[in-house]
Amino acid sequence: MADETEKVLQNGTAEPPKTAKQLEKEAKKQAKLDKLKQKLEKQQSAAPKKENEKKEKKKEVKEAAVYSIATPEGEKKDIEHSLPDAYSPGFVEAAWYPWWEKQGFFKPEYGRKSVSEPNPKGKFIIIIPPPNVTGSLHLGHALTNAIQDSIVRWHRMRGETSLWNPGCDHAGIATQVVVEKKLWREEQKTRHDIGREGFVNKVWEWKNEKGDRIYHQLKKLGSSFDWDRAQFTMNPRLSRAVTEAFVRLHDEGYIYRANRLVNWSCTLKSAISDIEVDKIEIPGRTFLSVPGYTEKVEFGVLVSFAYKVEDSDEKIVVATTRVETMLGDTAVAVHPEDPRYKHLHGKFVVHPFCDRRLPIVTDEFVERDFGTGAVKITPAHDPNDYEVGKRKNLHFITIFDDKGYIYGDYGIFTGMKRFEARKAITEELKKLDLYVETKNNPMVVPVCSRSKDIIEPMLKPQWYVKCDEMAAKAVEAVDSGELKIIPEMHIKTWHYWMNGIRDWCISRQLWWGHRIPAYFVRLKSRCTGKPAPGTEANAHWVSGRTEQEAREKAAKHYKTTIDDVILTQDEDVLDTWFSSALFPFSIFGWPEETEDLQVFYPTSLLETGHDILFFWVARMVFFGQKLLGKLPFKEVYLHPIVRDAHGRKMSKSLGNVIDPMDVIHGIALENLHEQLLNSNLEPTEIEKAKAGQKRDYPDGIPECGTDALRFALCTMCSGRDINLDILRVQGYRFFCNKIWNATRFALSYFSSDFVAPATGEFVGNEKVMDLWMLSRLASAVADANQGFMTYDFPTVTTAIYNVWLYELCDVYLEYLKPVFASGDAATKKTAQVTLYRALEVGLRLLSPFMPFITEELYQRLPRPQSVKDNIPSICVAPYPESSECSWRNETIENEVDFVQKIAKAIRSARSDYNLPNKTKTEAYLQCSDSATETTVTKYIEALQTLSYCSKIGVNEKAPQGCAIITVSDKCQVNLLLKGLIEPSKEIAKIQKKLEFLENTKNKLNQAMTAADYATKVPPEVQQTNSEKWSQTTIELERLQYAIQALKLME
């Protein structure tokens, strides 16, 4: 033992031996340490386990169900297994779509021998606004498809021959830009390096590889297209229609060639349409990034400089936001009545940088009171100046080449980029003492949406469609009612565009697209060489479906032989909107007289956003009337534009552009940030966008599912804009969960021998609450059908939402609990029939908006075998009609409304006194007239259930200890509280609530009585404050009354 207890000192000598007392003390101390060590080790080993168990338990609760049963593509989903405990979009949306598609439910031929077979119920045809092949869906697409699918599903369920024709747009500029970037990224080559044919082949390769992505997304949205009829605007069928349309219109003089101003993108080296120009408002001096420039370029300033008057010491001061364009000035304009310049009429000013005299012209478009009253005129680079140039017969001088470089005899400026010349010209003007000043100037900067380049108005020979005559017919169609525009507020916009119509520039300087079938003509016998650049004369051009046809036309026109003709096809392609304008009939085989064209044209409805009323809708009307002699559709429904929750336009730089797939599946904030990194945004814009995402989606976007997204979008579909709050979409995901739980709960009430009704007749012994439920269903059916007919989607969705949530779930299912717990077999059997009808009709009502959850639950209903055999899917089930649901009883509805008012008053009082639902109480109703007494007595059972009361007395003497609640002037409730609560404790609780509410009201009063409140606070905030003040006041009065009642019980 000595060896064990003895220690050796550091210097090697032994430590003196310890006494027995010392050893005992140390032993006790060591025992305590060992005990503490064991305790700590136990805690350390137990705590993580406990934490892990807690985490695992939490994860188990949150983990959503998934459909894991192996189901071959296109086979019906397994419905033999029980429903998961909670609604899971991933589980519900699995497997149904491929089955629908394989069964042919979405084809107009479904249930009939051919599309030509007459259908007494009619037909409904709608086409997709073809999305760009380059893109992925955004929330605007999701809205379009939610609306269109709900409409077409409604018509299909009504038994009409229904077709929703899908397709995709080749998106000339967007696709070319994408493939050019890809070519450079992968091979460091430009399109010019591989030539036109090679580049077009590259685009087709890309399209075949990536182009189906958007179709997969449309399927994920549940869109019920006939995919066998899908068309791509560059397919041979549609390309043939494009050629046919161009040749016909050119032969008739509706397409011609002219030299005019266009929106020119120097980066793309092409003209672009107005819709591809983003108009960016800036408040004043702003520096913007421009492709091809290392430094940012200054905009939002007005530069004033002077022109010297010829043979005089006088100067005329003009101002411009684009000082570089002064190189192309060919005049200075003044108002004819402006006395300051009358002595200069007919004189000239001298250009400081070239040998050019600029006439001083008079024109009434000049505003005398703006600036100096003198305006520089650049006819070849400004739309307003272009018109002045035509009126005054001025020279049109182009100073930029296609890339935006200065060309011409301009000394040091020649060869400069346009915005480099901007700075250089200003400096030179200063040296010549012609510069006056630069000042802030709010303005709109036109930006190319594809390349982000600044648009340059340029004079270019292009092909145009003559629109005035077609526009007049389009106006006449709307005015006569032949074409209906919904909502009617957009008719004014229609007239605005049609009455101020300009001819449509249809040529684009691209390689991807429909090459223009026009040929420049030269004759071997009369000329040699190539066509002069920019040749604009119509007479030198012919069009043809083939080159041979064009050659024959040229020979006939010039009265020569075919061999004498030399043709050069135009290098340009047609504007993408040209093929889109043909879409309603080209997809059906026009110009051939196909069966589809005969059956499906004209279509029934065109549904799209109001922002493309002119760019697409009007042009379809033009071409439909001109080429086929018929309007392409009977009605146009224009939906609102989706904006973010703050009312801002969706923009990548703001970080508020949301992919609907992210709403459907959910996405973490980090992944939203990652998407920005993969975009084309600059680093500063990325940080700004990240901040926006963090503010709007601090926890990311929750998984909402397809059904909730569709329903939410349709619910908000009114007005000109939708301010979309993702949390509202999540609210409808909770609605799905409510439907799910209610149906699961209801299904447990159906016994194995239950036989569902095949018709809508009453059983005969329905209780008043059964009749009420059926009546509310009938009301919802009428409202839903009326809403669909008038495209009033909020009315439809509200009717369906209310009947499910507030009537079936909140009232009828609650009422049924004691019914099914009773021993009354006849009452239970009738309740089963009513409950089945509520579920079955409710699901069919909801199906056009929520196809997945309704299919999942519809398949689980105990439907009669005859119905199962004839109606395999809710997609093709009949939509509920008033003739089928003739259960409306407004008398019972009014009675139940009153009974619910009583129940809500009792429940509200119970809440004030903190009574839990499981604590039953008694209520004594005092009715002042016999009619009210009779009504209340009839519904005593329902009222007991809905108000959590063990007894309802009617006109009985109420015992002591009741709180008095006034329901109406004819009904008062005495709610028994004595023995259920401790008054003093409840008074203390309510007193705390009162203090909080009084503090809230005081703050609102303080804010609302501020001197500048009415002028500085936004109207929507004022309205919110007013509503909050009113609610707080009512709540205060209720609680003060509750305290008085409690004091009487002390």
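In the predicted model, the side chain of Arg 153 reaches the backbone oxygen of Gly 222 at a distance of 2.8 Å. Arg 153 lies in helix H5, which spans residues 139–157. Its relative accessibility is 2%, and Arg 153 therefore counts as buried, the cut-off for this class being under 20%.

Gly 211 belongs to the loop that links helix H7 (191–210) to helix H8 (213–220). When residues up to four places away in sequence are set aside, Gly 211 touches Val 133 and Trp 206. Gly 211 and Val 133 are 78 residues apart along the chain, yet their C-alpha atoms are separated by 5.5 Å.

Two packed helices are described by the angle between their axes and the distance between the axes. For helix H25 (residues 793–821) and helix H31 (residues 940–947), the axes come within 9 Å and cross at roughly 105°. Because angles of 65 to 115 degrees count as roughly perpendicular, H25 and H31 are assigned to that class. On the H25 side, the contact is formed by Asp 810, Val 811, Glu 814, Tyr 815 and Pro 818, which meet Ala 942, Thr 945 and Leu 946 of H31. The residues of this contact comprise five nonpolar, one polar and two charged.

Conventions
Residues numbered from 1 in each chain as written. Predicted model: local features only at pLDDT ≥ 70, side-chain atom pairs only at ≥ 80, totals over all residues. Heavy atoms only, no water. Axes fitted to C-alpha atoms, helices over the stretch in contact; angles between N-to-C directions. Helix = DSSP H or I, 4+ residues; strand = E, 2+ residues; numbered from the N terminus. Parallel < 35°, antiparallel > 145°, perpendicular 65-115°, else oblique. Contact = heavy atoms within 4.5 Å. Nonpolar A, V, L, I, M, F, W, Y, C, P; charged D, E, K, R; others polar. Buried < 20%, exposed > 50% of the residue type's maximum accessible area, 1.4 Å probe, protein only. Polar contact = N/O pair within 3.5 Å; in protein donor to acceptor, adjacent residues only side chain to side chain.
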